[in-house]
Amino acid sequence: MNYVALRRQIYQHEISQLLAAIRDFGLFIAAVCYQLIIPMFLILPIFMGGQIAEADTSTTQRLFHQSVYLLLSFTLLKIQAKAITGGSYQYYLTSIPASVGQKVYSHIKLCLIGGNLVLLSPLVLCFFMPNLAVIVSTRHLIFFTLMVLLISQTAILRTNPPIISLAITPLLSYFAIRYYPDLQSNALTLAWLIIMVIEFCFVDKVKFNSRGRQLTHYNQMLLLFMRHRRANVVGRSFGVVTIMALFYYYLLQRPDFDLPLAHYIIASPIAIFVGSYQFEIERFRNQYRYYRSTFPLSNQFYRLNETLPLALLSLLTLSLGGYFLHWGLELMLIELILISATAWGVRSWGRFYFIANITATGIIIALLN
Amino acid sequence: MLTFQAVSKSFGHNRVIDNFSQTFDSGKTCIVGENGCGKTTLLMLAAGLEQPCSGQISLNQVSVNELAAKPHIGLSSDKVIYPRFLTAKQLIEFHCQTYQAQWPQDLLDKLHFNAHIHTKAPELSLGNQKKLSLILALCHQPQCLLLDEPSTGLDSHSRQVIAQLLEQFDGCLVITSHDRSYSQNPNYHILELAAKA
């Protein structure tokens with residue numbers, strides 16, 4: 001076996017480990033959404049890539065498509081970063097006398113396997129430009145392709161998330177377009193690309209307080225556990241982006257879609273995300289069961305405190321839903337019921353937890369009709 | 001006084017402890033025996049972290065599974081995995097807060113642990129992980145101290161410090177060790193667990 005084949009094997013092994021780690025949530029996706037997920041991953045990059053490439057697309061629309069596309073690229077590759085770099089075996093891989101060429105080739109190959117259509121579609125569009133005039137008129141696409149490549153490398157090679165490139169810049173650009181409607185896409189995309197290059201160089205120079213906050217309460221520990229689990233945080237971010245993209249894709253297919261009904265339908269996957277955090281509580285309990293048992297704390301204390309993080313997340317979700325999606329009291333109540341059903345499903349049925357959510361959604365829709 | 005009454009413990013079909021009865025008074029006991037004979041399991045049972053299949057274990061007539069017994073027990077064992085995402089400081093803080101104990105500055109100084117206080121538990125060296133585990137076991141001043149191989153991985157200075165601390169400890173001390181400074185120490189009562197047939 002040569003170095004490239006070894007890296008490929010490591011990639012496959014790490015991906016199988018990752019899938020096992022997020023299978024709790026993944027099973028829901030596989031069971032419920034598989035009919036939509038596959039076409040979405042095939043069509044969405046091509047569709048969005050086309051919209052971004054199109055010279056007539058308005059600046060606001062382009063900004064939206066680019067933001068979603070970059071977010072999707074980032075989460076897709078971040079979730080596979082360890083598999084692509086072989087991070088778990090870094091000492092062993094460094095000890096192998098492989099040439100720089102072999103290392104670079106393996107890296108590019110694994111990036112393309114991991115990024116798939118999301119990386120390939122803007123690249124293909126760039127390579128098939130017929131003449132110089134087209135290249136000049138759609139130069140924003142070249143900038144955007146560079147952005148996609150850069151964000152994929154940021155996801156793979158950097159530790160800290162590129163918040164400026166993925167959140168702050170799109171937000172500021174949105175306000176800039178509102179106040180300066182004549183702003184050109186080319187200038188905007190180029191500025192965004194420059195910001196991204198700067199962030200790529202310096203994002204890991206920012207050191208977060210490694211000394212940690214004072215820890216005196218049990219639920220602080222639970223929240224830290226949830227935040228610490230990389231597969232959990234990245235997997236869920238990827239899940240959120242996937243479901244949002246799925247929803248967006250569905251709306252594209254059905255332009256006549258009833259928007260209030262869409263809110264009811266989106267409430268169910270959101271409840272899956274929030275309620276399935278119960279898996280983390282269960283995982284903490286199992287992983288540190290001896291440690292937990294050493295303390296003079298009652299079962300009642302544990303029960304109460306292990307409910308609090310989920311309650312807090314639910315409250316945050318309802319607040320965000322109320323603020324951004326204009327959820328009314330009825331929808332908030334439904335969301336709360338769905339989150340509770342999901343959490344209960346996790347405790348009672350483990351990986352098949354989503355049955356509780358789907359049953360509750362079915363009952364609610366039947367009652368509303 | 002730590003009491004085992006006809007305690008048996010099995011893991012699946014593997015019977016690790018079979019009808020074990022023993023009383024550990026205030027004093028020092030070193031449990032010795034071959035690997036796999038049940039020394040660590042005995043400590044885990046004594047700390048109330050494992051439940052016996054039959055029999056009873058009590059500390060001063062209170063079952064070790066009762067909440068009231070917990071503040072009087074201190075355990076150091078590699079079986080207890082500390083949250084990987086917390087620093088040594090956070091673990092000690094949480095421990096002190098939960099047990100209403102004082103910050104163990106004296107212990108940290110003696111074991112030369114101050115330099116590692118901001119390191120996350122799994123990133124500590126083997127010796128420093130052992131020190132952290134011993135600090136957590138000792139810092140709430142328990143009446144009953146259960147230490148699983150307390151000298152493993154420690155440097156000679158830290159071994160001496162721990163040996164001195166244990167010499168001064170006036171509660172019920174039960175340790176498991178292959179270290180001769182304990183297993184051949186005249187101040188320790190030696191309890192040999194029989195190897196399984």
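Q: How many helices and strands does the secondary structure of chain A come to?
A: This is a predicted model, in which local features need pLDDT of at least 70 and side-chain atom pairs count only at pLDDT 80 or more, while totals for chains, interfaces and linings use all residues. Residues are numbered from 1 along each chain as its sequence is written, and chains are lettered from A and ligands numbered from 1 in the order in which they are written. Helices (H or I, at least four residues) and strands (E, at least two) are DSSP runs, numbered from the N terminus. For chain A the secondary structure comes to 18 helices and zero strands.

Q: Is F284(A) buried or exposed?
A: F284(A) lies in helix α14 (residues 278-287) of chain A. A residue is called buried if 20 or more other C-beta atoms, placed from the backbone, lie within 10 Å of its own, exposed if 12 or fewer do, and partly exposed in between. F284(A) has 20 other C-beta atoms within 10 Å, and therefore F284(A) is buried.

Q: With which residues is F284(A) in contact, leaving aside its neighbours within four places in sequence?
A: Two residues are in contact if their C-beta atoms, placed from the backbone, lie within 7 Å. M221(A), 63 residues from F284(A) in sequence, is 9.8 Å from it in space, C-alpha to C-alpha. With neighbours within four places set aside, the contacts of F284(A) are L222(A) and F225(A).

Q: Which strands of chain B stand at the edges of the open sheet of four strands?
A: The sheet has the order β2-β1-β4-β5 (chain B) with antiparallel pairing, where two strands pair if DSSP finds at least two bridges between them. Each edge strand has a single partner strand, so one side of each is left without a neighbour in the sheet, and the edge strands of chain B are β2 and β5 (62-63).

Q: What is the bridge partner of S10(B) in β2(B)?
A: Strand β1 (residues 2-11) of chain B runs antiparallel to strand β2 (residues 14-24) of chain B, and seven bridges join them. The two strands form a hairpin with two residues between them, and G12(B) in the turn has a positive phi of about 65 degrees. Within β2(B), S10(B) is bridged to R15(B).

Q: In β4(B), what is the bridge partner of Q5(B)?
A: Strand β4 (residues 54-59) of chain B is joined to β1(B) by five bridges, and the two run antiparallel. T3(B) has S58(B) as its bridge partner in β4(B), while the partner of Q5(B) is Q56(B).

Q: Which helix gives the most to the side of chain B that touches chain A?
A: The contact takes 22 residues from chain B and 19 residues from chain A. With six residues, the element of chain B that gives the most to its side is helix α2 (residues 88-99).
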